[in-house]
Amino acid sequence: MTERAHFGKIGAILATAGSAVGLGNIWRFPYMTGQDGGAAFIILYLVCVLMLGIPGMTAEFIVGRHGSSNAARAYQSFGRGRAWGLVGYMGIFTSTIILGFYAVVAGWCAYYLGASLLGGVNGSADEVKAYFTQFSSDPVKPALCALLFIFITHVVVTRGVRRGIERASNLLMPTLVVLLIIIVIASCSLPGSGKGVEFLFHPDFSKLDSNVMLDALGQAFFSLSLGTACLCTYASYFSRQTNLLKSASQIAVIDTAIAIMAGLMIFPAAFSVGVNPDSGPSLIFITLPNVFGKAFASVPWLGYIVSILFYALLSLAALTSTISMHEIGTVFFQEELHTSRSKAACIITLWCSVVAVVCSLSCGAVDITLFGLSALDFCDFLTSNILLPLGALATCIYVGWIIPTKTVRNEFTNWGTVGSSSYLVWLFMVRVVTPVCVVAVFLHQLKLI
Ligand code: TRP
């Protein structure tokens, strides 16, 4: 087998941040915040990122860099029984399901990008809503957009780790930040935008309940790409000098900053034009075109440009994330079947396309419901609120209790060169705090505590 590729120093951070930053930040975080009561949800979310997310990410990095191979093999590389490979298999499976429904929403973004370029998405509030309902329940268009998105992802992934993934991330991530800053400034300078800022930063704790807690936990894991061996796969391309805890913290800070900025982009504008922020998953597709139209009514060309920028931003952010989800399965098949990258990528592309088409059709064209949810919402709930926390829990138990401590310590401290002082605190978080919190939230959900 040829030697495995490695990311460059900046590339490692940008590619992993590219995986973390995506629709989770710009689509999911704002609608969850809107639904779950604003600032109080954000505080819980921050607690989850800090106490569970960063330690969990570092644990996944340890497995990945030590294993230096695909996720399933990495979990078996510590000589603690092949059964632990199941965590890797579960991660690979979960990420393909996520890629399936994620591509549907990414496809909507790409479609809205095209539609805003043609000046299509405007009109009265009802018209904008009807436009979305009509589009998302169309049997063909949204499915084609999702397939197109998977295809673009496929092309980047087959180009390889350095020429494809790293290059795309180095270019896309900085572009994204610049675009985001422009829209935040535009949104916050609208009259009456202060109420939106208040909604984001003034907590109302009466809104908190166990569902909000599970949502915050699921959102933190989803946004950090934690719990599906995605970070494990990317860490297999890290070098021995990469400081794992520091990288996890940097990525969590970038990810959280972008989520909060997405909030600052959406809520001030929504409040400024009196649009309700709790409309759920369709928030950015129904509320925002309205917002752009109304907010920039006096300068229509600016509204036109901002809406194009916005959907371009979303599509780019989504792309760096779909790449990472695709890569997990691709490298697995490439290494396990000893086949070429492009053949391995085809397997993932085909399977995800099936999931994507089912999810896309379930949004109105065909009645596909599971447990009362549309296939898309079901996949989202199943992965974010159940499989990701389970995956992260298993990883923390594995790293905290099962792998020989010496190996863990060596990986964490880069063989005694960095971070020895934070090692014990981190180990305590991984061994006790993360597992206890995840289990507690689950039990609470099941009404057992
Ligand atoms: N974190 C990404 C986002 O916020 C989504 C994502 C990419 C992801 N890779 C993942 C989620 C792996 C879970 C697992 O949009």
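Predicted model: local features only at pLDDT ≥ 70, side-chain atom pairs only at ≥ 80, totals over all residues.

Modeller: Residues are numbered from 1 along each chain as its sequence is written, and side-chain values use heavy atoms, with hydrogens and water left out.

Biologist: How many disulfides does the structure hold?

Modeller: A disulfide is a pair of cysteine sulfur atoms within 2.5 Å. The closest cysteine sulfur to that of Cys230 belongs to Cys232 and is 9.5 Å away, too far for a bond. For Cys363 the closest is in Cys359, at 7.4 Å, again too far for a bond. The number of disulfides is 0.

Biologist: Is Cys230 buried or exposed?

Modeller: Buried means under 20% relative accessible area, exposed over 50%, and partly exposed in between (1.4 Å probe, protein chains only). The relative accessible area of Cys230 is 3%, so Cys230 is buried.

Biologist: Where is Ala229, which has a positive phi although it is not a glycine?

Modeller: The phi of Ala229 is about 70 degrees. Ala229 counts as buried, at 3% relative accessibility. Helices are DSSP runs (H or I, at least four residues), numbered from the N terminus. Ala229 lies in the loop between α10 (210-223) and α11 (230-235).

Biologist: Where is Asn414 found?

Modeller: Asn414 is a residue other than glycine with a positive phi, near 50 degrees. Asn414 is buried, with a relative accessible area of 6%. Its place is the loop between α17 (405-412) and α18 (420-445).

Definitions and conventions. Helix = DSSP H or I, 4+ residues; strand = E, 2+ residues; numbered from the N terminus.
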